[in-house]
Structure formats: C-alpha cells, structure tokens
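Subject: Structure handover

Hello,

Here is the structure I said I would pass on. My notes follow below it.

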Amino acid sequence: MIEELIQCGDYQQALTMLEDMNDESVRYLRLVCLVGMGEYQQAKTEGAWAKANAKETYYDVVSMYVTTLKELGEFEEAINILIEELSMPYIPYQYETLFNTAYDEVLLDKQEANYEVESKNQIFSIEEISQVLKNKECNEDLLYMALDQLQQLNVRMIIPVIQDYLMNPQNHFFAKTLLIEIMIDQQIDEDIQVEKFGRYYDINPSYMALVLEQTQYAETLKYLQNGIEDENPSLFEQCVEYLEYTLYALYPQDIYEEDCHVLAAAIHYYVATLQSMDIDLNDLEVMYYCDKSEIEQRILALKQIEC
C-alpha cells in the first residue's frame, strides 16, 4: 500500500502511514517521501539519523541523503560522503555505479554554482579530482573541467592515481596527454608508464617537451607550409589542426625528424580525401620527397587513431 502511494507520487499520504521510526525501512521510505515533496531540510535531519543507524538499507539511505544535500547546495558534505563510500574496499557494484554517477553530478552542480563567483579560481579540490580520475565511467565534460583545475594544483599529491589512469587502456588518449603535459609543466621527476593504442612507454616528465614544442611538430609544419600554404590556405589550416590532433594522440611516441616529410604527406592526403578532394599520391611523392609506399603506410597508421 505504502509503496503504491509512493509510486503514484502521493508522498504526503504515504508519510502519514510511516510512523515507526525504529524500523529502518520506514526511515528510508520517509526519506523518499520527504525528498519527493521537496522537504529537504526535514530530509537532512532525518537522513543523518537514518544513515547513522542503517544496516540493510544503508546504501539506499546514503543515496537519498546525498540527493538531499545536493538539493540543499551542501556540495562539500555530499562529496565527502561519496568519496568515503567509494574508497571502501567493498561496495556492491550497483551502488558503486550509482555513487560514481552521483559524484559526477554533484561536482558539476558545484562547478556551476561556483563559476560566477570563483571563475578561474579553484573549485575542485585535489581529492575530488583524484576521485574523478578513479571513476571508470566519468562524465567527459567533468573530466576536462577537473584536468583544467589540476593545472593549478600540486599533481605530486596524486601521482599514483595518475599512473593508474595513464596505464588504463580504456581511458582516452587526449586526457592522458593532458595529464602528461601538466606533469611536464610542474617538472615532475618521476618514472611513469603510459599506455597508448596497445603500446607502452616509460617516461620522465621532467625531461620531456610539451606536445607542440617538439621538433617533429615544427618540422612537419614546415613541410606542410612549403607544400600547400600558399596554394590552399584553408586546407593548410585543416592539416595543421589534424597534425596537432595526431601528435596529441600518439604522444609520447617518437616521430623522427627524417620521417616528418612522410607524416606531412600522409596528413595532406588524409585531410584532403576527407574533404572529397581529388589528390594523387604520385604528386605527393614529388612534393614531399618520399616514396608512395611510405605515405600509404603512414595513412594506414593515421586511420587507426580512434577518437
């Protein structure tokens, strides 16, 4: 009967039937009703007591309590609870997924609430960013907000978390590269391992150049300038964008100076064909001083880079 009332949205009627506060199921259902009615202050009061005394309904109570704090704009307390729960050695899978999603939502709400006031000042703490990187199904917008904030914080505090992130094949190459660049900026003198497209690299950020400060960027750009800048400025700009995309994707893979002309030719061909432009590999051989077979091999490599 009570569950039917709740399903129908008749929270007030259901609440009148939920009086036994010694029953933890009753305490949980009261939270559902109070949240459904928008009575968040009352839900917070009852939720704190219900959370402290819950056993079988513990995770459900925590979920409702976090929702209450989120609605009240008490983001820090909600975040601390979620971090604590997600750091436990065992948590049922369905609740781990639920709490990870809730964590993303609370951080996004916190960022939105604080943006006008704090602008570029610190919004996320290092602990919050660490949890974002641990989240296996992190919201992409939240991830890049967190990485933007991380530039202002001391990454040395979460190097083990970053190492795990860099070695996970499921994580996107672009975010991995941004993390490496943040460590380069902060001169992190640590031996780090990175996975990219099934290959593994041993790096030390303190000895590395930023992606667009590498010699191969300047060299490949020079070949593209000589080949197409004057003849087709629009295509040139698109090729430059794709060159930067490619280098961010492959980093920290070495591209030797003697291979830069081949990379330029392959990018020229690949971008031109994406624009449905008719282009002859034989012409590119002459323009970039390389063999057609080399260009074809590099084109295949470009096609293997997935977004």
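Predicted model: local features only at pLDDT ≥ 70, side-chain atom pairs only at ≥ 80, totals over all residues.

Overall form

The protein chain has 16 helices and two strands. Its radius of gyration is 27 Å, whereas the globule rule gives 19 Å for 307 residues, so the chain is more spread out than a compact globule. Along the principal axes, the C-alpha atoms occupy a box of roughly 85 × 45 × 35 Å. Of the 307 residues, 48% are buried. Among contacts with a separation of 6 or more, 61% are between residues 24 or more positions apart.

On charge, the chain carries 18 positive and 58 negative charges.

Helix H14

Helix H14 covers residues 260-274. Its 15 residues should span 21 Å at 1.5 Å a residue, and the C-alpha atoms at its ends are 21 Å apart, so the two values agree. The helix is mostly covered, with twelve of its 15 residues buried. Those buried include Cys260, His261 and Val262 at one part of the list, and Tyr270, Val271 and Ala272 at another. Also buried are Leu263, Ala264, Ala265, Ala266, Ile267 and His268.

What covers these residues? Among the elements that do so are helix H12 (215-229) and helix H13 (233-250), together with helix H15 (281-288) and helix H16 (292-303).

Two backbone details belong to the surroundings of H14. The loop between H13 and H14 holds Pro252, which is joined to Tyr251 by a cis peptide bond with omega of about 15°. After H14 comes Ser276, with a positive phi near 60°.

Phe197 has a positive phi, near 55°, although the residue is not glycine. It sits in the loop between strand S1 (192-196) and strand S2 (199-203). With a relative accessible area of 40%, Phe197 is partly exposed.

Tyr289 is another non-glycine residue with a positive phi near 55°. Its place is the loop between H15 and H16. Is Tyr289 buried or exposed? Its relative accessibility is 68%, so Tyr289 counts as exposed, the cut-off being over 50%.

Phe173 and Phe197

Phe173 belongs to helix H11 (residues 173-185). Its relative accessible area is 5%, and Phe173 is therefore buried. In sequence, Phe173 and Phe197 are 24 residues apart; in space, their C-alpha atoms are 8.2 Å apart.

Arg30

Where does Arg30 lie? Its place is helix H3, which runs over residues 24-37. Arg30 has 14% relative accessibility and so counts as buried, since buried means under 20%. Apart from neighbours within four places in sequence, Arg30 is in contact with Leu15, Leu18, Met21 and Glu46.

Regards

How values were computed
Residues numbered from 1 in each chain as written. Heavy atoms only, no water. Helix = DSSP H or I, 4+ residues; strand = E, 2+ residues; numbered from the N terminus. Rg over C-alpha atoms; globule rule 2.2 N^0.38 Å. Buried < 20%, exposed > 50% of the residue type's maximum accessible area, 1.4 Å probe, protein only. Contact = heavy atoms within 4.5 Å. Lys, Arg positive; Asp, Glu negative; His and termini not counted. Charge placed at Lys NZ, Arg CZ, Asp CG, Glu CD. Expected span 1.5 Å × (residues − 1).
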